[in-house]
Amino acid sequence: MDRGYTGTILKVDLTTGDIQEEVIPDWVYERFLAGMGLGAYVLHRDIPAGADPLGPDNMLGFVAGILTGTGSLFTGRWTVVGKSPLTGGWGDANCGGMLAPAIKRCGYDGIFIRGCSDTPVYLEIKNGKASICPAGDLWGQDAVEAEALLTERCRKKKMPRVACIGPAGENLSLISGICTDRGRIAARSGLGAVMGSKKLKAIVLSGTRKIKPHDRDAVHRLSRKCNRWASFQIPFVSGGMLGKIGTLMRMLPTQMAMDGLMFKLMLNKWGTTSMNQMSVEMGDSPIKNWKGTNRDFDAKRSQTVNPDIFRQCEVVKYHCYSCPVGCGGICTTNGRFSETHKPEYETVLALGGLCLNEDADSIFYLNELLNRAGMDSISAGGTVAFAIECFEKGLITTADTDGLELTWGNTEAIVVLIEKMVQREGIGDLLADGTKVAADKIGRDAHHYAIHAGGQELPMHDGRCDPGFAVHYAVEPSPGKHTVGAQLYYEMYRLWKKIPGLPKPDMLYFKGRKYVADESKAICSAACSKYVNVLNGAGACVFGAFLGADRIPMFDWLNAATGWKKSPEDYMAIGEAVQTLRQAFNIKHGRDPRRNIPAPRTTGQPALSTGANKGRCVDIQKMIHDYWQQFGWDTTSGKPDPEVIGPLVQAPITVVGERN
Amino acid sequence: MKTDARPIPAFKRKKCMACKICVDDCPVSCIGVAPSGSAKDPHGYPFLEDETRCIHCGQCADNCPVEAIRMVAA
């Protein structure tokens, strides 16, 4: 019976050269879905406790979602999973592009790689046959060059799809990621370094197998209905007006519940850069390594990151597989690189406001440099801001920085510093592993200025503006990520429309209410985590989910694609199981969840005395406690009950005569 | 003069979402994406990049969720 998934994974051991397939039983999909859920099941089962993240026992999994390739929309994301060398625990990162369906067209829901090769290699899967090929000539090439070479080398009839690392991954930088489609990058968790440690330059996929949903017509009907919501346009608003809207939102004592349809309209026109000035103005974007305010990067200064500037450079909009919105873009640039993917909001503000850099040209350049190097732009920007503050405080001097004057807004120094980080050259070697490792090496008070959650640099959403972000940075098994939950996200997911009992936010509320740590907040945060685990299992994009659960038929798509008859509550229970399994992975590997709380300044301790987030403070300890309680985990240690974990990963008992 | 009557995909711009499902579906990768868009409509839409490679299988039309592709005689 066709169920949307292939039911098979590929397992490759680069030490021995052994390649084998494993059939995954249906109960695994019914319990965890595919995508990240399948990854959690395999990694929890197969990575031994205490494995070195950069050693042969660690596994790297490329997984696709159940809905990918079934005719559903917004479901083209692939996820890479592994034990993170950056945090020492569960690691995942996801990315769009065209790789996700390519994994399934090779006949697999996931490709899992363990062991380490002695020499550089790439994995090619073609016509149902996997082979390990030498990649000595590709080692040292940047991700865009390597992808172009491999595409040309491996192309027969079907265009191959490639995921590869750049020099950052080869150099085992702990803030490196894995690239596809000329610079899209699964950047977080440092999994590029895991790939580099295995001497695996790339995977090249050219399968032609059909992906078979249970009921394709039903999936298509749902997609057409969803597309009505996805195809609205926003003709009148200019990029500059968005900044003024942000100013207005900052000044008002009240806030309206956000409808994700508005965000979709902004994504459609500008992409994620639509948030640039608005976020700075309303206090959502951290400034000056989280110690500054919107006044340090005021409307005049942030004019250089006006969304219209990025839109004007756009030659064509870029769509990931199965996405009708197209928030990406291909831009032309001046200087060394002729074109680049349109910088994302996170990149612009990490390299902009966080370092007080006002130069848009440098952001375009660094965006392409980091994409080609395969380095996470969030972590790179966060690490530069950390270095500047260390320089300001005298913890490092020009003697350490190879003569660079690391001052706020010094564009030239910022560019050179990141070039050095990519090459691991001089001071760049110290910083190439992110803020936590650098702070440990610098010593003294440096850890005060290292803004990370469990080792991973924080993204460009300030928990003092939306405490939901602060909670998810600290509680997620892969900490420090902005793509899971927030109070804003809960409003946009509109889960209460599908799941009875979930609280419905008021249309208009006083901002002060966001900081009250009550049970309702914990229920919302837990719901976000569970729902995003479902999205990741389906291969879906959170931006699509922002349309609202009543407009994007995620649960109905899953039923149509698999033939299951599960309710939304059943799917949320799956999301909960995946969250518990990922947390159990961390406990198995000795990670203490309490160590994921970021530096006090990120939650307003001490509170800022000026700016958009003036006086705001988040009761993070209480919010974490309440969140753990929602999952039934120990509220003092964050550990799931071992008696829950066992049955979770064991095959169901089948009664004789009953078909499983 | 004899023409090739085997059908090839024709794209309806008004219905197309530029989602690239057809690009991935094509077993011989003969559908490409426009490298640039217009100021009014900046999306890169799919088109039959290499007609000689088309194997007339109709997978692109079958799998388009919004029925933006029809197979028509060349």
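In what order do the three strands of the open sheet with β14, β15 and β16 of chain A lie, and is their pairing parallel or antiparallel?

Analyst: This is a predicted model, in which local features need pLDDT of at least 70, side-chain atom pairs count only at pLDDT 80 or more, and totals for chains, interfaces and linings use all residues. Residues are numbered from 1 along each chain as its sequence is written, while chains are lettered from A and ligands numbered from 1 in the order in which they are written.

The order in this open sheet of chain A is β14-β15-β16, and the pairing is antiparallel. Strands here are DSSP runs of E of at least two residues, and helices are runs of H or I of at least four, both numbered from the N terminus; two strands pair if DSSP finds at least two bridges between them. β14 (314-318) and β16 (339-341) of chain A are the edge strands, each with a single partner, so one side of each has no neighbour in the sheet. From one strand to the next the twist averages 20°, where axes are lines fitted to C-alpha atoms, for helices over the stretch in contact, and angles run from 0 to 180 degrees between N-to-C directions.

Strand β15 of chain A, residues 328-332, is joined to β16(A) by three bridges, and these two strands run antiparallel. Thr332(A) has Glu339(A) of β16(A) opposite it. Helix α13 of chain A, residues 360-373, packs on the sheet and touches β15 and β16 of chain A, its direction making about 75° with that of β16(A); residues are in contact if their C-beta atoms, placed from the backbone, lie within 7 Å.

The C-alpha trace of chain A spans about 70 × 55 × 50 Å along its principal axes. Among contacts in chain A between residues at least 6 apart in sequence, 74% join residues at least 24 apart.

Definitions and conventions
Contact = placed C-beta atoms within 7 Å.
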